[in-house]
Amino acid sequence: MKIEIPTPLRAYTSNQSAIDVDAATVAEAVSGLTTRYPDFQRHLYTPDGKLRSFVNLYLNDEDVRYLPEREETAVRDSDTLSIIPSIAGGCWPGLTVQA
Amino acid sequence: MATLAQEKAGLPGSTVLDRIGNTPLVRLERLTAGMPGVQILGKAEWTNPGGSVKDRAASAIVLEALRREELCPGRRLLDATSGNTGIAYAMLGAALAFPVTLCMPSNVSPERKRILQAYGADIVWTDPAESSDGAIRKARELARDPQYFYADQYSNEANWRAHYHGTGVEILEQTHARVTHFVAGLGTSGTFMGVARRLKEANPAIQCISMQPDSPFHGLEGLKHMPTSIVPAIYDPALADRNLEVETEAAYAMARRLARTEGLLVGISAAAAVVAAQQIAEEESAQGREATIVTVLPDAADKYLSERFWEE
């Protein structure tokens with residue numbers, strides 16, 4: 001399946017906007033992402049392993065928190081998982097890009 | 001600058017523009033209990049008519065554009081915003097009778113969407129995965145059409161000047177120039193730039209501390225993580241004596257604490273600013289020094305009450 005990477009986190013995926021993972025459930029998909037890119041772990045999860053409360057995962061258009069089986073929801077190859085912060089923030093326009 | 005207020009001087013009542021600025025400075029007493037001589041004071045920016053600190057920059061940008069006739073009959077104000085600046089523009093557009101078009105990511109809170117619709121602003125929704133970047137790209141694309149005045153809050157000098165002439169002067173007056181530390185979060189950086197410049201002019205010994213999220217992926221609405229961001233034209237990092245990073249979870253905990261122990265329902269960026277201010281307070285107290293620490297509380301909690309963290 002496809003995982004869409006939000007702009008602020010593309011620094012950790014060599015600027016790829018989406019990556020493909022093999023997974024049977026949402027949890028496996030996220031685990032595939034954090035295995036390949038370990039930096040994602042601390043950005044998405046608290047030290048005790050809970051999804052940080054401002055992080056929303058959407059399976060296609062559905063918020064995973066509100067699906068009956070949550071992260072254990074089964075996924076298909078044609079599905080897309082998106083990672084969206086619950087508030088809008090983001091990158092700046094302007095002149096200089098810092099490292 | 002000539003305002004509607006001045007033109008109508010002598011009339012009873014006040015206009016929207018009259019009500020922007022001169023916000024109260026509230027004492028956060030419980031936070032520094034047990035730290036003799038150390039106090040934390042916050043500018044209660046939610047008392048601005050649009051409910052946030054952004055009324056200051058937006059009104060300065062609008063008045064400057066009206067003065068230069070960049071905003072004139074037949075033209076619409078256009079900008080990219082993730083919230084409070086948009087609300088300020090929408091309110092001013094309604095009050096001063098100019099149309100407003102805003103580009104914003106569709107994951108702004110439902111409360112914000114309803115406020116903007118109530119003021120009658122025209123909204124262009126952009127992809128939430130692209131954050132403010134998507135909104136900015138869309139605004140730049142629309143700005144090629146001459147019907148728009150592109151306000152560009154990130155590059156507009158009127159943004160920081162509003163704080164140089166307003167917020168900074170108010171802080172000096174309200175503390176009788178006894179402020180020793182100033183702490184503010186970085187978004188467009190306008191608040192920090194304007195206030196820090198004014199305070200340093202008054203007394204170069206005043207420590208100016210900027211604050212930003214600890215991660216590029218965060219829940220501090222309106223704030224930016226500098227090391228991974230494109231920097232706004234008005235930002236000068238050399239102005240800060242120090243920079244502190246705040247975790248989203250620490251800001252959430254502070255928002256709950258301020259609600260329950262100070263009776264203040266503040267927004268997430270305000271809570272983050274207080275986290276940083278409290279760190280300074282603890283450091284100064286540990287050194288046995290007195291300190292008057294002033295920060296800016298950009299907005300109240302009402303637009304964030306649907307966030308999950310209040311229940312944690």
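Strand β7(B) is largely enclosed by the rest of the structure, because five of its five residues are buried. The model is a predicted one, and within it both faces of β7(B) are covered, with B:His181, B:Val183 and B:Gly185 buried on one side and B:Phe182 and B:Ala184 buried on the other. In a regular strand, side chains alternate between the two faces of the sheet.

- The loop between β7 and α7 of chain B holds B:Ser189, a residue that has a positive phi of about 80° although it is not a glycine.
- Most residues other than glycine have a negative phi.
- B:Ser189 counts as buried because 29 other C-beta atoms lie within 10 Å, where 20 or more are needed for that class.

**B:Arg198 in helix α7(B)**

- Helix α7 of chain B spans residues 190-202 and contains B:Arg198, a charged residue that counts as buried because it has 22 C-beta neighbours inside 10 Å.
- Leaving aside residues up to four places away in sequence, B:Arg198 touches B:Tyr164, B:Gly168 and B:Val169.
- B:Arg198 and B:Arg161 are separated by 37 residues in sequence, while their C-alpha atoms are 9.6 Å apart in space.

**Nonpolar cores**

- The largest nonpolar core has 57 residues, of which B:Ala271, B:Ala272 and B:Ala273 touch the most other members.
- Two or more residues of this core come from each of β2 (38-44), α6 (157-174), β7 (181-185), α7, β8 (207-213), α8 (248-262), α9 (268-286) and β11 (291-297) of chain B, and α9(B) gives the largest share, namely 11 residues.
- When residues up to four places away in sequence are not counted, B:Ala271 touches B:Ala251, B:Met254, B:Ala255, B:Leu258 and B:Val266.

**Domains of chain B**

- Chain B is divided into domain 1, made up of 4-47 + 167-311, and domain 2, which covers 54-150.
- The centres of domain 1 and domain 2 of chain B, taken over C-alpha atoms, are separated by 24 Å.
- In the contact between them, 12 residues come from domain 1 of chain B and 14 residues from domain 2 of chain B.
- On the side of domain 1 of chain B that touches domain 2 of chain B, the residues divide by class into four nonpolar, five polar and three charged.

**The four-stranded sheet of chain B**

- Four strands of chain B form an open sheet in the order β5-β4-β3-β6, with parallel pairing.
- β5 (122-126) and β6 (148-150) of chain B stand at the edges of this sheet with a single partner strand each, so one side of each strand is left without a neighbour in the sheet.
- On average, and with direction ignored, neighbouring strands of this sheet are turned by 25° against each other.
- Strand β4 of chain B, residues 100-105, runs parallel to β5(B) and is joined to it by five bridges; B:Thr101 stands opposite B:Asp122 in β5(B).
- In the loop between α3 (84-96) and β4 of chain B lies B:Ala97, whose phi is near 65°, a positive value in a residue other than glycine.
- B:Ala97 counts as exposed because it has 8 C-beta neighbours inside 10 Å, within the limit of 12 or fewer for that class.

**Chain A**

- Chain A has two helices and six strands, and from the N terminus on its elements run β-β-α-α-β-β-β-β.
- Of the 99 residues of chain A, 32% count as buried.
- Among the contacts in chain A with a separation of 6 or more, 55% are accounted for by residues 24 or more positions apart.

Terms used
Residues are numbered from 1 along each chain as its sequence is written. Chains are lettered from A and ligands numbered from 1 in the order in which they are written. This is a predicted model: local features need pLDDT of at least 70, side-chain atom pairs count only at pLDDT 80 or more; totals for chains, interfaces and linings use all residues. Two strands pair if DSSP finds at least two bridges between them. Axes are lines fitted to C-alpha atoms, for helices over the stretch in contact, and angles run from 0 to 180 degrees between N-to-C directions. Domain bounds come from an automatic or database domain assignment. Two residues are in contact if their C-beta atoms, placed from the backbone, lie within 7 Å. A nonpolar core is a set of buried Ala, Val, Leu, Ile, Met, Phe, Trp, Tyr and Cys residues joined through C-beta atoms within 7 Å.
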